[in-house]
Amino acid sequence: MATIVQKIKEIEDEMARTQKNKATSYHLGQLKAKLAKLRRDLISPSGGGGGGAGGIGFDVARTGVASVGFVGFPSVGKSTLMSKLTGTHSEVSEIDFTTLTTVPGTLKVHGAPIQILDLPGIIEGANDGRVIAVARTCNLIFIVLDVLKPLGDKKIIEGELEAFGIRLNKKPPAINVRKKDKGGIAITNTVPLTNIDHDEIKAILSEYKLSNADVTIREPNCTSDDLVDVIEGNRVYIPAIYVLNKIDVISIEELDLLYKIPNSVPISSKEWLNVDELIEQMWQALQLVRVYTKPHGQSPDYSAPVVLRHGKCAIEDFCNAIHKEIAKQLKYAVVWGSSAKHARGQKVGLDHILEDEDVVHIVKR
């Protein structure tokens, strides 16, 4: 493991020393591809560690309908916030490195159980991959920052997460790389290439031993990192909220400046200030869909919604969430709510897409 970390450091140092111009673009492309492959080996060693999350406390069983990972430097208030949100005890003190294992808890929001993971404090350059491997499985990441030094710590943590294939608040780039048997490299772009040239593209493909491929770029301001991400194919795109903690120690004027940081929510876990806004932002970012059941001849049951994820919220998904046999037995469903065409209810089939707070009555064959 130490050898891989050392190689990563050597390549990063060489990239920092190399000035980017037309003469060096091919070389830089090769270096970026080599770096990506080394980082892939670090998080998923060929020896079979499986995700790099080995070791006591770093493997967490999934509970709830979604998971939120708390990531941040030691002693920024992650453990205090989680303890108060979930009632789960995570060792709390002013000393760095208090939390040494992944601590899970559950928070119920609008009837939906959300798993909260307090991950061990990220240390710059640690690069052991264990904390990051758990973070890769989360549906949302809270990056908890100290309001007295938010921007510096934000940049470091983003760099650590990016290094392990986590892309924050981004969508997969509109780039397609299609392998072929012969014909060499063909590059097509529908947008101007402002941050990458053909030499750099060919260098990256060469490092991945792709000598015959069609590359189509539709991503505005595409970079070499975007191309590497597509070729690697193991990137995860996760929404993130920057939790700016300890606002109880700053002035109102400083608080106004913090609100200018995109995707951020200033709070105080100690004084429990503005936590309601944080929970609401979390709910919106997770894009969960609550669906209520309506038994025949009875009123809807609003006490225990079936919670689905956006993009997987068809009637078929709803049926499978209750019992896998129901979809096979379905004659039709009646839906009331936003997704229904009529206020009196609409008859639908398995492919009907549900929306938040719809009510569903199942009719079996």
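## Salt bridges and a helix pair

The side chains of Glu-357 and Arg-290 form a salt bridge, with an N to O distance of 3.7 Å. This pair joins distant parts of the chain, 67 residues apart: Glu-357 lies in the loop between β15 (346-348) and β16 (358-364), and Arg-290 sits in strand β12 (residues 288-293). The model is a predicted one. Glu-357 has a relative accessibility of 44% and counts as partly exposed. Arg-290, in contrast, is buried, with a relative accessible area of 9%, because buried means under 20%.

Another salt bridge is formed by the side chains of Arg-178 and Asp-214, at 2.5 Å from N to O. These residues also come from distant parts of the chain, with Arg-178 in strand β6 (residues 175-179) and Asp-214 in strand β8 (residues 213-217), 36 residues apart. Arg-178 is partly exposed, its relative accessible area being 46%.

The side chains of Glu-325 and Lys-328 make a salt bridge as well, at 3.5 Å from N to O. Glu-325 is partly exposed at 34% relative accessibility, while Lys-328 is exposed at a relative accessible area of 58%. The cut-off matters for Lys-328, since exposed means over 50%.

The distances of these pairs are listed below.

| Salt bridge | N to O distance |
|---|---|
| Arg-178 and Asp-214 | 2.5 Å |
| Glu-325 and Lys-328 | 3.5 Å |
| Glu-357 and Arg-290 | 3.7 Å |

The count of salt bridges in the model comes to 17. A network of salt bridges links Glu-162, Arg-167, Lys-170, Asp-229 and Arg-235.

The other topic is helix packing. Helix α6 (residues 198-207) and helix α7 (residues 224-232) have axes that come within 10 Å and cross at roughly 30°. Angles under 35 degrees count as roughly parallel, and α6 and α7 are therefore roughly parallel to each other. The crossing in which α6 passes α7 is right-handed. On the α6 side, the contact is made by Glu-200, Ile-201, Ile-204 and Leu-205. On the α7 side, Ser-224, Leu-227, Val-228 and Ile-231 take part. By class, the residues of the contact of α6 with α7 comprise 6 nonpolar, 1 polar and 1 charged.

Key
Residues numbered from 1 in each chain as written. Predicted model: local features only at pLDDT ≥ 70, side-chain atom pairs only at ≥ 80, totals over all residues. Heavy atoms only, no water. Axes fitted to C-alpha atoms, helices over the stretch in contact; angles between N-to-C directions. Helix = DSSP H or I, 4+ residues; strand = E, 2+ residues; numbered from the N terminus. Parallel < 35°, antiparallel > 145°, perpendicular 65-115°, else oblique. Left-handed = near helix turned anticlockwise from the far one by under 90°. Contact = heavy atoms within 4.5 Å. Nonpolar A, V, L, I, M, F, W, Y, C, P; charged D, E, K, R; others polar. Salt bridge = Lys/Arg side-chain N within 4 Å of Asp/Glu carboxyl O. Buried < 20%, exposed > 50% of the residue type's maximum accessible area, 1.4 Å probe, protein only.
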